[in-house]
Amino acid sequence: MSLMSYLGAIGAAQREAMDADERVIIIGEDVEANVYGTTGGGKSRADKGDFLQMYGRDRIRNTPISEEAIVGFAAGAAMTGLRPIVDLSYSSFLYMAMDQFVNQVAKNRYMFGGQASMPVVFRSAMFYGLNTGAHHSDRPYPMFMNVPGLKIIAPSSPSDAKGLLRYAIDSDDPVLTFEACLLWGSKEEVSDEEYRIPFGKARIAREGTDVTVVAISSSVPEAVAAADAMAAEGVSVEVIDPRTLVPMDTRAILESVSKTGRLVVAEPAHRTCGAAGEISAIVSEEIFDALKAPIIRVTAPDMQIPFSPALEKQMYPNRITIADAIRKVAGLR
Amino acid sequence: MIKQEAKGSSMAAPTKDQMLEMQRRMLRIRYFDERASKMVKRGHIPGTVHTSIGQEAQVVGATMALRDEDYMTGNHRSHGHPIGKGSPLGPLMAELVGKATGVCKGKGGSLHLADFSVGSLGESGIVGSSIPIAAGAALSASVLKKSHVSLAFFGDGAANQGVLYESINMAGVWKLPVIFLCENNQYALSTPAHTVTSGVIADRAAGFGIFGVRVENGQDVLEVFNAVSEAAARARAGEGPSLIEVVTYRFNEHSEGLRIGTDYRDPEEREQWLKRDPIVLFRNHLIAEGHFTAEELDALEAEVLAEVDEAVRFTDESPYPEPETAFADLYTDKEEQFA
Ligand SMILES: Cc1ncc(C[n+]2csc(CCOP(=O)(O)OP(=O)(O)O)c2C)c(N)n1
Ligand SMILES: [Mg+2]
């Protein structure tokens, strides 16, 4: 075990995968200079762990600012023998390549009757909560959940970031991983061994009996903090992190809500057609009778993200808004 | 107008066998598309199809210049490309009709034909969208040190999509073995290319420092073959991508059975182009040069007609896919499929 940051864990998974399989390459803007911190060791090329030194320009592909071509090239390469990891830096830049994601990456295997396989991972980070304004603060994973053919993951801890990314790289299907900048610095003990976390298996971040909180991405640590606070008020809260949104571990969610009868869903994306809405619908359809109170969603409002810290800080779920929702669903308010 | 002379010596001339094969594949496209057109109009093929009738030389000159294992992507004018690459006609026709034996099991249809066994990585219903896919296949060849070349077919309409230029730039700077082949049939649906295209498409290559050439007589299969052969040789030699613009003309409507609004093509213009039928031109050439007799070429035509008949028979006798197959082939792992 080593103490690893979320970002360090992503770098470790990439290094392991690059070492294990020559077909794995990294494509993206500024990956050579390790600008986003997952393709290097230190500040100098000579430092241990520099990806360019270790793997060369053939496999560390610094690109022009051409997201549509980057995504399309990666798809074509994946269909013909490579296993690219694409670093798209900010999640907002995915829109530049929307046609390639929706019409090529997601559809080619299906349209061609299973002839294509698409072993490619698209990494991007959601820079919300960092006062970057509306263009860089998006949490667009629900849009992509709406595209059959893509697998969507949103790790919330360093260990999950490492294990899920490694599994994603091994997968023969296209995976979009949405990392959260707010979590980049979070640290925990992470195994130095190679390991993979299969998709579709939720993590129970905290066990409890009275209320279930399903939380996504940076809402997970906030939900755990809210659960700690509620314990002092005598409410036992279970926090579930689905970790992968497509496929979603609906069984774990249904089991927990069957036990508690009360559900809060917290996520940093917008409210309309979000993952929280989807999870709420599944629970209502499947186990309506088990519910003792209406489901509560805690999400970002359907509003663009303002720049000023005074304005932005109220936009996403936090331990206070999640705790309020828990009180309400538990009938304490 | 050759924009830039090819370096090195000219390519070896095609053999007699290769020329016969060129004529065979052009005939396959012609007869297949003529049959498909009828089948659309009679309702035997659902939806519509876009034929390559009139453009056979432009397609086959390119595909015959590639090796069997080389990669290729195409667009909505989609049957000629896999046929030209050597895909058998039966599963292609069955796909157009939506049968279980279709090359894509009835999930793609005319617009999304693909036959990976002949390097056909997929046609595309979205104009311009498959161009970077071809370039990505060239990236694979480059990283994995294989000798494959990759070719992207696209129209004069697609030549105004931004993704083409992102792709040319990135392929150029990485010296990828890819050929960007613009089928300039002079119209994008109803829109004349010259009214929406600034400058000459082939000239755009120069701005990216890659090789560019305009094949003025795209009705001559040998001219196209030579241009693409040279581009493929350069690509295999590590000299990077080429942009080839081939001037041609589609004889039929944009898509079959579609009645397009106001007349946008001068009937006289079409009459002139019909006189430059690539199949007739090549037949005359093969006879004039003494390669084949008229009887031999008549026999070839009969043979290909029979092949198309057989493809239709295969299609008719094939079952429709079982409804549950609509819920397979989205992901590689079955348990994660969402029925
Ligand atoms: C992105 C996109 N825009 C518009 C269309 C509608 N459309 C289909 S084919 C076509 C014309 C394409 O012209 P060109 O690229 O020259 O190919 P051609 O049909 O002449 O072979 C249009 C506008 C489309 N399918 N995709
Ligand atoms: Mg055109």
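Predicted model: local features only at pLDDT ≥ 70, side-chain atom pairs only at ≥ 80, totals over all residues.
Figure 1. R30(B) forms a salt bridge with D277(B), in which the closest N and O atoms are 2.8 Å apart. The pair joins distant parts of the chain: R30(B) belongs to helix α1 (residues 16-41) of chain B, while D277(B) sits in the loop between α10 (267-274) and α11 (278-288) of chain B, 247 residues apart. D277(B) also counts as buried, at 12% relative accessibility.

**Figure 2. Salt bridge between K162(A) and E16(A).** The closest N and O atoms of K162(A) and E16(A) are 3.0 Å apart. This pair links distant parts of the chain, with K162(A) in helix α7 (residues 158-170) of chain A and E16(A) in helix α1 (residues 6-20) of chain A, 146 residues apart. K162(A) is buried at a relative accessible area of 1%, and E16(A) is buried at 11%. Both residues take part in a network of salt bridges that also links R166(A), D170(A), E194(A) and R196(A).

Figure 3. R313(B) counts as partly exposed at 37% relative accessibility, and E310(B) is partly exposed with a relative accessible area of 38%. Over all chains, a search of the whole structure finds 42 salt bridges.

Methods
Residues numbered from 1 in each chain as written. Chains lettered and ligands numbered in written order. Heavy atoms only, no water. Salt bridge = Lys/Arg side-chain N within 4 Å of Asp/Glu carboxyl O. Helix = DSSP H or I, 4+ residues; strand = E, 2+ residues; numbered from the N terminus. Buried < 20%, exposed > 50% of the residue type's maximum accessible area, 1.4 Å probe, protein only.
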